[in-house]
Amino acid sequence: MLRKAGYTFTFLSDPKLETIGRYDLVHAQELASGKDISRPAEFLIDPSGTVRWRMVTENFFVIARPEQVLEAAKALP
């Protein structure tokens, strides 16, 4: 479905928080639900696995704007 939509990069879905935990992005016992959830974070990772850009925050209302991500992607080597 993602390829059909034209995306050429990998998306991560992590409902069990396995990868999120490895990157220390778990927000334990979120206030509204009491469940462990992911902290807001966006990453651009190059084909070699190097993180080239990231935005990590504790504020669930702060996320990267699409233009920020696109600008960062354009700047990748």
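**Figure 1. Secondary structure of the predicted model.** The protein chain holds two helices and four strands. The model shown is predicted. Read from the N terminus, the order of elements is α-β-β-β-β-α. The C-alpha trace spans about 40 × 25 × 25 Å along its principal axes. Of the 77 residues in the chain, 17% are buried.

**Figure 2. The largest pocket and its lining.** The volume of the largest pocket is about 1,000 Å³. Its lining consists of 28 residues, and those closest to the pocket centre are Phe-9, Thr-10, Phe-11, Phe-43 and Leu-44. Two or more lining residues are given by each of helix 1, strand 3 (41-45), strand 4 (51-56) and helix 2 (66-74). Strand 3 supplies the largest share, with five residues. Sorted by class, the lining comprises 20 nonpolar, three polar and five charged residues.

Figure 3. Phe-11 belongs to the segment before helix 1 (18-22). Phe-11 counts as partly exposed because its relative accessibility is 43%, a value between the limits of 20% for buried and 50% for exposed.

**Figure 4. Salt bridge between Arg-52 and Asp-46.** The whole structure contains two salt bridges, and this view shows the pair Arg-52 and Asp-46. The closest N and O atoms of Arg-52 and Asp-46 are 2.7 Å apart. Which of the two categories, buried or partly exposed, applies to Arg-52? Arg-52 has a relative accessible area of 42% and is therefore partly exposed. Asp-46, in contrast, has a relative accessibility of 13% and so counts as buried, the limit for that class being under 20%.

**Figure 5. Salt bridge between Arg-65 and Glu-67.** In this pair, the closest N and O atoms of Arg-65 and Glu-67 lie 2.8 Å apart. Arg-65 is partly exposed, as its relative accessible area is 46%. Glu-67 is partly exposed too, with a relative accessible area of 46%. Arg-65 and Glu-67 form one of the two salt bridges found in a search of the whole structure.

Figure 6. Leu-17 is not a glycine, yet its phi is positive, at about 60 degrees. Leu-17 is placed in the segment before helix 1. Asp-24, likewise not a glycine, has a positive phi of about 55 degrees. Asp-24 sits in the loop between helix 1 and strand 1 (26-27). With a relative accessible area of 59%, Asp-24 is exposed, since the limit for that class is over 50%.

**Figure 7. Gln-29 and Leu-31 in the loop between strand 1 and strand 2.** Leu-31 is located in the loop between strand 1 and strand 2 (37-38). Gln-29 is placed in the loop between strand 1 and strand 2 as well. Leu-31 is a nonpolar residue by class, but its relative accessibility of 82% means that it counts as exposed. Gln-29 is also exposed, its relative accessible area being 61%.

**Figure 8. Phe-60 in the loop between strand 4 and helix 2.** Phe-60 lies in the loop that joins strand 4 to helix 2. Phe-60 counts as partly exposed because its relative accessibility is 35%. Ser-13 and Phe-60 are 47 residues apart along the chain, and their C-alpha atoms are separated by 18 Å.

Notes
Residues are numbered from 1 along each chain as its sequence is written. This is a predicted model: local features need pLDDT of at least 70, side-chain atom pairs count only at pLDDT 80 or more; totals for chains, interfaces and linings use all residues. Side-chain values use heavy atoms; hydrogens and water are left out. Buried means under 20% relative accessible area, exposed over 50%, partly exposed in between (1.4 Å probe, protein chains only). On a 1 Å grid over the protein atoms alone, a cavity is a set of points where a 1.4 Å probe fits but cannot get out, and a pocket is an open set with protein on both sides within 12 Å along at least five of seven lines; lining residues have an atom within 4 Å of a point. Grid points are joined across faces, edges and corners, and a volume is the space filled by probe spheres set on the points. A salt bridge is a side-chain nitrogen of Lys or Arg within 4 Å of a carboxyl oxygen of Asp or Glu.
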